[in-house]
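User: Hi! I'm new to this one and would like a friendly tour. Could you put it on screen for us?

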Amino acid sequence: MNFPAFFLLVLITAALVSVIACGGAAAPTEVPADIPAPLVSSSAPDIPESAGADSVAKSKRARPHISTIGDELKFDRARLQETAIYSVTVTFTNASTVNQHNWVLVKPGEKDAVVAAGAEAGAANGWIQPDDDRVIAHTDLLDPGESGEIKFKGQIGGIYEFVCTFPGHSATMFGEFKFLQSGQR
Ligand SMILES: [Cu+2]
């Protein structure tokens, strides 16, 4: 006597559950109308993520920024460091309101020689001797408030120097650019 009652209860429960499940399933069909909108916006950030090859390529391109410390004859970074990579694009901002500056990357130990040659080359050459093979890369001579970009290849591991070759600036406007080989620290 108890079993039939029990089965009836089970049947009713099962029926109720399926009705709720169907009802529950029916209601969500309207919710997805809302969900697709967030899905669209969340799939947009997925695009850069899925472009894995591209992000790997980007990781081989360093884009350091350097600036002057306001009107001081100093760069805001005394040291830049990159692991040997495909290419580097340095952005240099002349934050001074009065002075012209440049950013010149030179081979190890050649800073003073490049500055001396630049002083002879004069303002007409942006204080850099044309075709100086000790110079790896340099920005233009920037007026106050200007920014310049320079792109160059990653260098063989070592400690290079950067300097502003404007006469009188190199005593304080210089720093190290350290290139590390992959796996080096
Ligand atoms: Cu300078």
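Predicted model: local features only at pLDDT ≥ 70, side-chain atom pairs only at ≥ 80, totals over all residues.

User: Thanks! What share of the contacts between residues at least 6 apart in sequence join residues at least 24 apart?
Analyst: In this protein it's 69% of them. Two residues count as in contact if their C-beta atoms, placed from the backbone, lie within 7 Å.

User: Which strands form the open sheet, and in what order?
Analyst: The order is 3-9-8-5-6, 5 strands with mixed pairing. Strand 3 (79-83) and strand 6 are the edge strands, each pairing on one side only. On average, neighbouring strands are turned by 25 degrees against each other, direction ignored. Two strands pair if DSSP finds at least two bridges between them.

User: What sits on that sheet?
Analyst: Helix 5 packs on it, touching strand 5, strand 6, strand 8 and strand 9, and its direction makes about 30 degrees with that of strand 8. For such angles, axes are lines fitted to C-alpha atoms, for helices over the stretch in contact, and angles run from 0 to 180 degrees between N-to-C directions.

User: Which residues of helix 5 are buried?
Analyst: Helix 5 covers residues 111-121, and its buried residues are Lys111, Val114, Val115 and Gly118. They fall within an arc of 100 degrees seen down the helix axis, so they line one face of the helix. That arc is taken from the directions from the helix axis to the C-beta atoms. A residue is buried if 20 or more other C-beta atoms lie within 10 Å of its own, exposed if 12 or fewer, and partly exposed in between.

User: And just after helix 5?
Analyst: Gly122 comes there, with a positive phi of about 85 degrees.

User: Back to the sheet. How do strand 5 and strand 8 run?
Analyst: They run antiparallel, joined by 3 bridges. Leu105 stands opposite Phe162 in strand 8, and Val104 has Val163 as its bridge partner there. Strand 8 also pairs with strand 9, again antiparallel, over 6 bridges, with Tyr160 opposite Phe177.

User: Which residues have the most contacts inside the largest nonpolar core?
Analyst: Val104, Leu105, Val106, Phe162 and Val163, in a core of 26 residues. Strand 4 (87-93), strand 5, helix 5, strand 6, strand 8 and strand 9 each supply at least two residues of this core. A nonpolar core is a set of buried Ala, Val, Leu, Ile, Met, Phe, Trp, Tyr and Cys residues joined through C-beta atoms within 7 Å.

User: New topic: where is Asn94?
Analyst: In the loop between strand 4 and strand 5.

User: Is it buried or exposed there, and what does Asn94 touch?
Analyst: Asn94 is buried, because 22 other C-beta atoms lie within 10 Å. Among the residues Asn94 touches are Thr68, His101, Leu142 and Pro144, not counting residues up to four places away in sequence. Gly70 is 24 residues from Asn94 in sequence and 8.0 Å away in space, C-alpha to C-alpha.

Note on methods:
Residues numbered from 1 in each chain as written. Helix = DSSP H or I, 4+ residues; strand = E, 2+ residues; numbered from the N terminus.
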